[in-house]
Amino acid sequence: MNQPRPLRCRFAPSPTGHLHVGGARTALFNWLLARKAGGTFIVRIEDTDTERNVPGADRKIMEDLRWLGLTWDEGIDVGGPHGPYYQTRRLDLYAAAARRLIEAGRAYYAFDTQEELAAMRARAEAAKQTFRYPRPAVFPDRRDVERARAQGRPVVVRFAMPDEDITVPDEVMGDVTVGAGELDDFVILKADSIPTYHLANVVDDAAMEVNLVMRGQEFLAQTPRHIALQRALGYPTPRYAHLPLIMDLKGRKLSKRDGDVEVFSFRAHGYLPEALVNFIALLGWSPGADREKLTLAEMIELFGIERIGRTNARFDREKLLAFNTDYAAAATPERLMAAYEDYLSVAEASPIARARPDEATRRELLRVCRGFRTFPDIDAKAGFIFVDDAALAYDPAAVAKVLVKDGGYAILESLLPLLEKVEEWTTGRLEALLKGFCETRQVGLGKVAQPLRVAVSGGTISPAIGETLVLLGREKTLRRIRNALTLRS
RNA sequence: GGCCCCAUCGUCUAGCGGCCUAGGACACCGGCUUUUCACGCCGGCAACACGGGUUCGAAUCCCGUUGGGGUCACCA
């Protein structure tokens with residue numbers, strides 16, 4: 001019996017910034033497959049575009065992956081038997097492969113300048129023809145290369161694309177055949193001797209013994225080139241699985257301009273990684289049976305290439321928000337607290353993060369604000385507690401409505417002396433006092449809580465009034481009520 | 001434009017010839033709950049792109065049309 005090879009798959013991002021949700025999904029699916037099959041998940045950095053590389057981006061990507069709960073067995077940071085895992089540190093490998101192809105007559109040197117190439121393309125377009133690089137009848141030799149260099153011309157290596165149909169046996173899309181002559185001779189080694197994506201990718205997948213390539217569908221049309229390269233180099237062709245794309249709500253390709261689609265951005269905006277990862281998993285994959293809420297462990301159990309769809313998905317933030325709300329409500333206090341600490345550590349705009357309240361207060365905040373959708377909701381609802389009394393901004397509309405029109409000032413005036421007499425500043429005691437006050441006055445609690453809320457927060461939104469006053473503390477509460485009263489003119 | 005891929009509620013999707021008067025979730029609409037906001041609860045609206053076939057029978061298979069997407073770089 002032929003034993004199936006242990007699965008080896010990888011996630012190979014370019015270090016251009018934080019991890020994007022599309023990349024996150026690719027990484028997640030590869031990870032899921034590896035974990036399910038007991039295989040190996042590799043992370044390597046494809047940094048062959050030296051112009052676009054962003055220093056430190058590899059670190060950010062690693063941090064984002066780990067925040068999502070994804071870990072890798074081989075690759076950057078953790079090492080492994082097939083390193084280094086940065087392509088710019090493996091240039092000799094690609095040069096050797098290019099040399100082999102040239103010697104075998106499967107690749108050749110070319111010396112066109114960008115301007116010449118552009119002119120050829122322009123001519124083809126003017127003639128309404130598809131541009132294909134014109135392969136020379138005789139490949140240039142060493143002396144031609146030297147001559148070109150002497151003339152200051154760029155020297156690249158192009159792969160002589162074989163003239164034959166190539167079928168990609170894709171496990172998501174099915175067999176996809178690209179006809180002979182559709183693909184032209186593409187560059188595999190750039191003028192600066194750095195390989196293009198195609199060569200580096202193929203060489204590394206072979207060297208790292210990757211036997212399943214799962215990536216975005218934008219690469220499907222490139223795969224025949226990769227297969228041709230593998231054949232010319234004598235490499236085995238891995239299994240392929242191309243994922244449908246993630247689009248924005250309008251159906252356009254998701255780009256950073258559409259807003260924050262970086263994993264880190266969701267982290268900084270107070271989302272839980274388990275909610276994000278669950279939501280992303282459902283973009284292009286479904287466990288079936290009307291199941292939706294899944295832990296990573298459950299996803300591993302249920303995941304399979306057979307259940308990956310073929311239609312592009314749109315990234316619907318509303319649904320993500322709903323997932324986050326549910327996850328936050330269902331999380332254990334410990335888990336929620338840990339996630340909240342993480343949020344406070346990265347949320348620079350949060351007034352609560354800046355005020356650094358003690359742990360008991362943070363815990364209390366989580367409790368009194370329960371029902372929040374994302375952590376910034378806590379800032380919006382309870383942030384006023386942490387600003388200086390003098391800096392508290394009163395919302396003119398709230399003041400006009402609640403304090404003036406609805407008679408809030410009068411309520412505050414009668415309430416202030418009662419509150420000043422309260423010794424035991426607790427939720428129970430304060431709520432009892434307010435209830436008693438309402439009963440003797442024959443008014444609803446809203447009539448009393450709202451003026452207090454405005455006086456103490458500047459607006460109409462806060463946690464329950466008793467909890468709000470306790471969190472604020474006796475001194476601040478009384479001071480703010482007195483300040484509010486001075487607003488009356 | 002050439003080539004390739006795709007097509008179920010507004011969105012993510014279930015459905016792999018009869019179980020579908022098409023199921024779930026989000027959004028939306030209505031109601032309830034309520035000291036504010038949010039949460040929550042109940043109910044409702046809502047889709048097989050179109051046209052041909054195949055078949056006793058089609059959302060499910062085939063062809064075409066339309067629509068959408070991807071790709072045609074010394075970017076990945």
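Is Arg367 buried, partly exposed or exposed? In this predicted model, Arg367 counts as partly exposed, at 38% relative accessibility; buried means under 20% relative accessible area, exposed over 50%, and partly exposed in between (1.4 Å probe, protein chains only).

Local features need pLDDT of at least 70 and side-chain atom pairs count only at pLDDT 80 or more, while totals for chains, interfaces and linings use all residues. Residues are numbered from 1 along each chain as its sequence is written, and side-chain values use heavy atoms, with hydrogens and water left out.

Side chains of opposite charge can pair when their charged atoms come close. A salt bridge is defined as a side-chain nitrogen of Lys or Arg within 4 Å of a carboxyl oxygen of Asp or Glu.

| Salt bridge | N to O distance |
|---|---|
| Asp49 and Arg52 | 3.3 Å |
| Arg267 and Glu63 | 2.8 Å |
| Glu467 and Arg367 | 3.3 Å |

The side chains of Glu467 and Arg367 meet in a salt bridge. This pair links distant parts of the chain, 100 residues apart: Glu467 lies in helix H20 (residues 465-472) and Arg367 in helix H14 (residues 359-368). Helices are DSSP runs (H or I, at least four residues), numbered from the N terminus. Glu467 is buried, with a relative accessible area of 14%.

Arg267 and Glu63 also form a salt bridge, joining helix H8 (residues 263-268) to helix H2 (residues 57-68) across 204 residues. Arg267 is buried at 9% relative accessibility, whereas Glu63 is partly exposed at 39%.

Key. Chains are lettered from A and ligands numbered from 1 in the order in which they are written. Helices (H or I, at least four residues) and strands (E, at least two) are DSSP runs, numbered from the N terminus.
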